[in-house]
Amino acid sequence: MKLKLIMNDSPKYPECKTLLVDMEDLNLNLKNKFVVNNKILDLKSEFHITLVGNDDALLLKNKFIEISNKDDLDSEYSNLYDEIQELVNNSKISFVDEFHILEKKYSEEEIRISVVQIIKTDIIEKFRRFLKDKYRIDLSESYPTPHITLYKELVNRGIGLYAKEDLEKYSIKKMSSLE
């Protein structure tokens, strides 16, 4: 398995950066489709772990402005990227035989369904400790249960999980396998 840090513009706050750990060569041996309640879900083409989601991205940006006293944060983000990539390279990830079908209603017309697998990893805790030690940045206390989204509807984005309680809140079925 190859891990690579990716920094993107936040979909919610374009002036902020999200941080994802891209996971390649997983060899998960999964089917291309998964059916839930007569809806066909597609296997995702990429898999990642979210280190900094939308709201934490805003907090991180504001802290960088406070620390650096400037609005141009390119150098701060660049330095952070280089330092975090090393943490990512030395992280461990293992897959747990626990899967959840998630369902979240965004509006009357938009109800998203996805399938996630729980993972065990030290990267989230290492990353948050690094931010606290180096920058005195303490991201929100709550972060999601480590997971990767395996399947989602083709037309919709996945379901954002931003806190541990979100898994329980949106899980409509827990499984030990995808059979």
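This is a predicted model: local features need pLDDT of at least 70, side-chain atom pairs count only at pLDDT 80 or more; totals for chains, interfaces and linings use all residues.
## The six-stranded sheet

Six strands form an open sheet in the order β3-β4-β8-β7-β6-β9, and their pairing is antiparallel. The edges are held by β3 (33–36) and β9 (171–175); each has a single partner strand, so one side of each is left without a neighbour in the sheet. From one strand to the next, the twist averages 35 degrees.

Strands of a sheet pair through backbone hydrogen bonds, in either a parallel or an antiparallel arrangement.

## Strand β7 and its partners

Strand β7 (residues 111–121) runs antiparallel to β6, to which it is joined by 10 bridges. The two strands form a hairpin, with five residues between them. Within this pairing, Ser-94 has Lys-120 of β7 as its bridge partner, and His-100 stands opposite Val-116 of β7.

Strand β7 is also joined to β8 (residues 147–152), by five bridges and again in the antiparallel sense. Here Gln-117 stands opposite Ile-148 of β8. Nine of the 11 residues of β7 are buried, so this strand is largely enclosed by the rest of the structure.

## Lys-105 in strand β6

Lys-105 belongs to strand β6, which covers residues 93–105. Its side chain makes a polar contact with the side chain of Glu-108, at 2.9 Å. When neighbours within four places in sequence are left aside, Lys-105 is in contact with Glu-110 and Ile-111. Lys-12 is 93 residues away from Lys-105 in sequence, and the two C-alpha atoms are 18 Å apart in space.

## His-147 in strand β8

His-147 is found in strand β8. The relative accessibility of His-147 is 13%, which is under the 20% limit, and this residue therefore counts as buried. The side chain of His-147 reaches the backbone oxygen of Thr-145 at 2.7 Å.

Not counting residues up to four places away in sequence, His-147 touches His-48, Ile-49, Val-116, Gln-117, Ile-118, Ile-119 and Leu-161.

## The three-stranded sheet

A second open sheet has three strands in the order β1-β2-β5, with antiparallel pairing. Its edges are β1 and β5; each has a single partner strand, so one side of each is left without a neighbour in the sheet. Neighbouring strands here are turned by 30 degrees against each other on average, direction ignored.

Eight bridges pair β1 with β2 in the antiparallel sense, and Lys-2 stands opposite Glu-24 of β2. Two helices lie across strands of this sheet. Helix α1 lies across β2 and β5, at about 40 degrees to β5, whereas α2 lies across β1, β2 and β5, at about 155 degrees to β1.

## Helix α2

Helix α2 comprises 16 residues (residues 74–89), which at 1.5 Å a residue should span 22 Å; the C-alpha atoms at its ends are 22 Å apart, in agreement with that expectation.

The buried residues of α2 are Glu-76, Tyr-77, Leu-80, Ile-84, Gln-85 and Val-88. Viewed down the helix axis, these buried residues fall within an arc of 160 degrees, so they line one face of α2. The elements that cover them include β1 (2–9), β2 (17–24) and β5 (47–52), together with the helices α1 (54–68) and α3 (123–135).

Note on methods: Residues are numbered from 1 along each chain as its sequence is written. Side-chain values use heavy atoms; hydrogens and water are left out. Helices (H or I, at least four residues) and strands (E, at least two) are DSSP runs, numbered from the N terminus. Contact means heavy atoms within 4.5 Å. A polar contact is a pair of N or O atoms within 3.5 Å; within protein, one must be able to donate a hydrogen and the other to accept it, and residues adjacent in sequence count only if both atoms are side-chain atoms. Two strands pair if DSSP finds at least two bridges between them. Axes are lines fitted to C-alpha atoms, for helices over the stretch in contact, and angles run from 0 to 180 degrees between N-to-C directions. The expected span of a helix is 1.5 Å times one less than its number of residues. Buried means under 20% relative accessible area, exposed over 50%, partly exposed in between (1.4 Å probe, protein chains only). The arc is that of the directions from the helix axis to the C-beta atoms.
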